[in-house]
Amino acid sequence: MTAQIIDGKAIAQKVREEVAAAVAQRIAAGKQPPGLATVLVGDRVDSATYVASKQKACQELGMISFHHHLPANVSQEELEALVRDLNADRRVHGILVQLPLPAHLNEERVLSLINIEKDVDGFSPLNIGRLAQKGREPLFVPCTPYGCVYLLEQAGVPIEGAHAVVLGRSNIVGMPAALLLIGKNATVTICHSHTRNLPEIVRQADILIAAIGKAEFVRGDWIKPGAAVIDVGINSKPDPTKKIGYRLVGDVNFEEAKEVAGFITPVPGGVGPMTIAMLMKNTLRAAEIQDV
Ligand code: NDP
C-alpha cells in the first residue's frame, strides 16, 4: 500500500487565499484590517525567523503587523507593560508572544495577561482551559494542533471514534492536539518520554500525531496499515548531497511509513505551512470578534 500524501502546502495556500479574500471584504466594507502584534524577546535566530515569516504572511494577506523586539534582559515588568499596552490598542486584534522566552521571565504570567479575545496563539490558560473542558469552546485553538486536525479533516480522515495516538505532551503541540482530538470524539492515548512499549501503542493508532522532535524516530513497522500519520517534527539530518549539508526530516521515517499508512504528511510541506495559515485564520477571527 502506498499512502495518500496530504499536501499541507496546497491546503495552507487555500486557507491563506480564503483569509485574504475575507480581509479584502472587510476593508471594502470600511472595517479595520486585522492587526497582529508580534513580540520577540532576545536574539534567538529560530524565533526571529518564525516571527519574520508571520509578519510577511500578514503583509501578503492584507493584514497589519506591529513588531516589538525587546532585549534578552528585559524585565518581567517591562514585558507585562507592553502586553497591557497591546491589549488596550484597538488597532491590534491579535497578540503573539514568541516562545520560548528567556529563562528569567515568567511565561505563564505573560500568557495569562493577554486578553482572551486577542490570544491568537491560543496559549492563555483561559483558552487552554476551555479546550480541556467538555462542552466549552476556546476562542482560539493553538495554531499547530489546529493545522494538524484541519489536515485530517481536509483529507477526509474520520476522527470520531478513531483511536488517536499523540506522541509528545508539550504545551504548544502534543497536549493541545490531544485535547482537540478528544473534543472531536476520538479516543486518545498521549505518549511521552516515560511511555513504555511505544511501538506497541503506536501500532493501535488509526491516527498518529508525532511531535517529539527526534529525526525519523517512528519506524514503518510501528504503523497500523491504513493509518493517518501527521508528522509535526522538524529535524535536520546530515546530508552531504545538499549544499547546506543537511535536509529536514520529520519524527517519522517517511519512506518506510508511506508504504504502510493510508495517509501521511511529508516534511517539509506538511504541517509546517499550516501553522502560519492557521495563525492568519485566528487573527482574522480575532478582528471579527472585536468588531462587535
Ligand atoms: P518539546 O521538546 O517541547 O516536546 C517534546 C515531547 O516529546 C515531550 O512531551 C517529550 O516527553 C516527548 N518525547 C521526547 N522524546 C521522546 C521519546 N523518545 N518517546 C516518546 N516521547 C518523547 O517539542 P515541541 O512539542 O515543541 O515540538 C515537537 C516537534 O515539533 C519538534 O521537532 C519541533 O521542531 C516541531 N514543531 C513543529 C511545528 C510546525 O509548525 N510544524 C511547530 C512546533 C513544533 P516529556 O514530556 O516526557 O519530556
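Which residues form a nonpolar patch on the surface? I found I234, I244, Y246 and L248, with about 390 Å² of accessible area together. Patch members have over 30% relative accessible area and no salt bridge, and nonpolar side chains (Val, Leu, Ile, Met, Phe, Trp, Tyr) are joined within 5 Å. Accessible areas come from the Shrake-Rupley method with a 1.4 Å probe, and for residues only the protein chains shown count as cover.

**Ground rules.** I am reading a predicted model, where local features need pLDDT of at least 70, side-chain atom pairs count only at pLDDT 80 or more, and totals for chains, interfaces and linings use all residues. Residues are numbered from 1 along each chain as its sequence is written, and side-chain values use heavy atoms, without hydrogens and water.

**Entry: I234.** I looked up its place and found the loop between β8 (228–231) and β9 (235–238). Strands are DSSP runs (E, at least two residues) and helices are runs of H or I, at least four, numbered from the N terminus. I234 is exposed, with a relative accessible area of 54%. I noted the cut-offs: buried is under 20%, exposed is over 50%, and partly exposed is in between (1.4 Å probe, protein chains only).

**Entry: the ligand.** I counted 22 residues around the ligand, and I234 is listed among the closest, with R169, S170, S193 and T275. Near means that a heavy atom of the residue lies within 4 Å. Next I checked polar atoms. The side chain of S170 has an N or O atom 2.5 Å from a ligand oxygen. For T275, a polar side-chain atom is 2.7 Å from a ligand oxygen. I234 brings a polar backbone atom, 3.1 Å from a ligand oxygen. On its own the ligand has 930 Å² of accessible area, and the protein covers 71% of that.

**Entry: salt bridges.** A search of the whole structure gave me 16 salt bridges. The rule is a side-chain nitrogen of Lys or Arg within 4 Å of a carboxyl oxygen of Asp or Glu. I picked E60 and K56, which meet at 3.3 Å, N to O. Both lie in helix α2 (residues 45–60), four residues apart, about one turn of the helix. E60 is partly exposed at 45%, and K56 is exposed at 51%. R16 is linked with K56 and E60 in a network of salt bridges.

Then I looked at R219 and E256, which pair at 2.4 Å, N to O. R219 lies in the loop between β7 (207–210) and β8, and E256 in helix α9 (residues 254–257), so the pair ties together parts that are 37 residues apart in sequence.

Methods
A polar contact is a pair of N or O atoms within 3.5 Å; within protein, one must be able to donate a hydrogen and the other to accept it, and residues adjacent in sequence count only if both atoms are side-chain atoms. Patches are made of residues with over 30% relative accessible area and no salt bridge: like charges are joined within 9 Å, nonpolar side chains (Val, Leu, Ile, Met, Phe, Trp, Tyr) within 5 Å.
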